[in-house]
Amino acid sequence: MRKYDLITPEGTKDFLFEECLVRREIEQDLHDLFRSKGYSELTTPGLEFFDVFQSESGHYPQERLYKLTDSKGRLLVLRPESTMPIARVAATRLRDASLPLRLCYNQTVYRFEPALKGRSDEITQAGIELLGSSSYLADVEMITTAIESLASFSSDNISFSLELGDAGVFKELMRELNATPEERENIRYLIETKNYPALNDVLDTMDDVKVAAALKKLPALFGGEEVFDKASQLYSNERIDEILMDLRKLYKDISTVIGKGRLTVDLGMVNNADYYTGVIIKGYLEGYGEEVLSGGRYNKLLSDFGYDIPATGFAINVDAVANVRMKDQPAQLQPADAVIFAAPGYEMKAAKVSQELRSKGQVVEFAFFDSLDLVREYARESRIGKVVVVDEEITEVQ
């Protein structure tokens, strides 16, 4: 007995006409933007070996992976994100390509999301990866491209904002904390979710009082430029001071592009993907409670695949952006320009007429009805302005 033949699995949905139209427009706008900056598109397989997502720098929690096996019993996963597979491609098929590499993509990712969170397990992602440069200008290109992407989604009713952080602050504090790998991952998760009570309970058991005190307050270090002074007073060493100085410069420079009102510093910003080593960003749209864009610098990930080059990039949740746009500007499908009614025996002549009209840029349908009255009724209901009758003559009627 079939129990699940009329529904989709949890975390997935069917996208109907208007939704597909909006998603396609967003994807095309992003593709045009990325190509205008010299990025070349690639697509990675939906299936990858489990090992791709278990590198030292880019360990992906296996409980969030859709897993299966191939014909040889090897463990595979449905691609949960795009950066790691692209790192694999760069380290193999693109290893001899000139640097920097500018790559863009638009593909689906699959990952288990927490129950009752309302998140999709199947997400369309579009984004860029800039490989082979650790320069300040590369970070600027990545962030300004992210801003242009967010701006293309905005309208009079939808504003956007950007959060700026640096994974190096958290990593440096964790490097000085005497904790097990499991404890480190738990602390990272609690900071990411800003779960202050649980974070305090965990850190109260640590011996490194000064570092623990700094980690407790890390999630609260968000706001404007004043955050940098607060962070300097909270904990200081040579590496953290350098990170804060560089991040302050970046904040000032980026604020000249979008204004300080749209730009926030968040030093407690960490990411599910633990491969980020420096600047990290998150982008938001009004009307959506979570980030629609995230990314940053990951200088160690490609070395896990045997290709030691720096990299930066970001990914956009196309489905989330489409959700916001549909609420703001509901899409409407445009009717066909004409419908063709072919008299019996004149079907091939009608096909040639339709080709001629389509060659002129018109959208043309065939009418699968037995009478002209039914065709006219269909045209009225479908808001099609022109009915073309094909028999011995070609006649246009209303």
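A right-handed β-α-β unit is built from strand β13, helix α11 (residues 347–359) and strand β14, where right-handed means that, with the strands pointing away from the viewer, the path from the first strand over the helix to the second runs clockwise. Helices and strands are taken here as DSSP runs, numbered from the N terminus, with helices (H or I) of at least four residues and strands (E) of at least two. The model is predicted, and local features are reported at pLDDT of at least 70 and side-chain atom pairs at pLDDT 80 or more, whereas totals for chains, interfaces and linings use all residues. Residues are numbered from 1 along each chain as its sequence is written, and side-chain values rest on heavy atoms, with hydrogens and water left out.

Within this unit, β13 (residues 338–342) has 4 of its 5 residues buried, so the strand is largely enclosed by the rest of the structure; a residue is called buried under 20% relative accessible area, exposed over 50% and partly exposed in between, with a 1.4 Å probe and protein chains only. β13 runs parallel to β14 (residues 364–366), to which 3 bridges join it, and two strands are said to pair if DSSP finds at least two bridges between them. In this pairing Ala-338 stands opposite Val-364 of β14. β13 also pairs in the parallel sense with β15 (residues 387–390), over 4 bridges, and here Ile-340 faces Val-388 as its opposite residue.

The loop between α12 (372–381) and β15 holds Arg-383, a residue that has a positive phi of about 60 degrees although it is not a glycine. Arg-383 counts as exposed because its relative accessibility is 52%.

An open sheet of 3 strands has the order β2-β4-β3, with antiparallel pairing. The edges are taken by β2 (47–49) and β3 (67–69), each of which has a single partner strand, so one side of each is left without a neighbour in the sheet. Neighbouring strands of this sheet are turned by 40 degrees against each other on average, direction ignored, the axes being lines fitted to C-alpha atoms (for helices over the stretch in contact) and angles running from 0 to 180 degrees between N-to-C directions. Between β2 and the antiparallel β4 (residues 75–78) there are 3 bridges, and Leu-47 stands opposite Leu-78 in β4.

The second largest pocket contains about 320 Å³ of space. A pocket is an open set of points on a 1 Å grid over the protein atoms alone, with protein on both sides within 12 Å along at least five of seven lines, and lining residues have an atom within 4 Å of a point. Of the 15 residues lining the second largest pocket, Asp-139, Asp-166, Asp-246, Val-279 and Arg-297 are the closest to its centre. Two or more lining residues come from each of α3 (136–153) and α9 (238–258), and α9 gives the most, with 6 residues. By class, this lining has 5 nonpolar, 4 polar and 6 charged residues, with Asp, Glu, Lys and Arg counted as charged, Ala, Val, Leu, Ile, Met, Phe, Trp, Tyr, Cys and Pro as nonpolar, and the others, Gly among them, as polar.

The protein chain as a whole has 12 helices and 16 strands, and buried residues make up 46% of its 398 residues.

Methods
On a 1 Å grid over the protein atoms alone, a cavity is a set of points where a 1.4 Å probe fits but cannot get out, and a pocket is an open set with protein on both sides within 12 Å along at least five of seven lines; lining residues have an atom within 4 Å of a point. Grid points are joined across faces, edges and corners, and a volume is the space filled by probe spheres set on the points.
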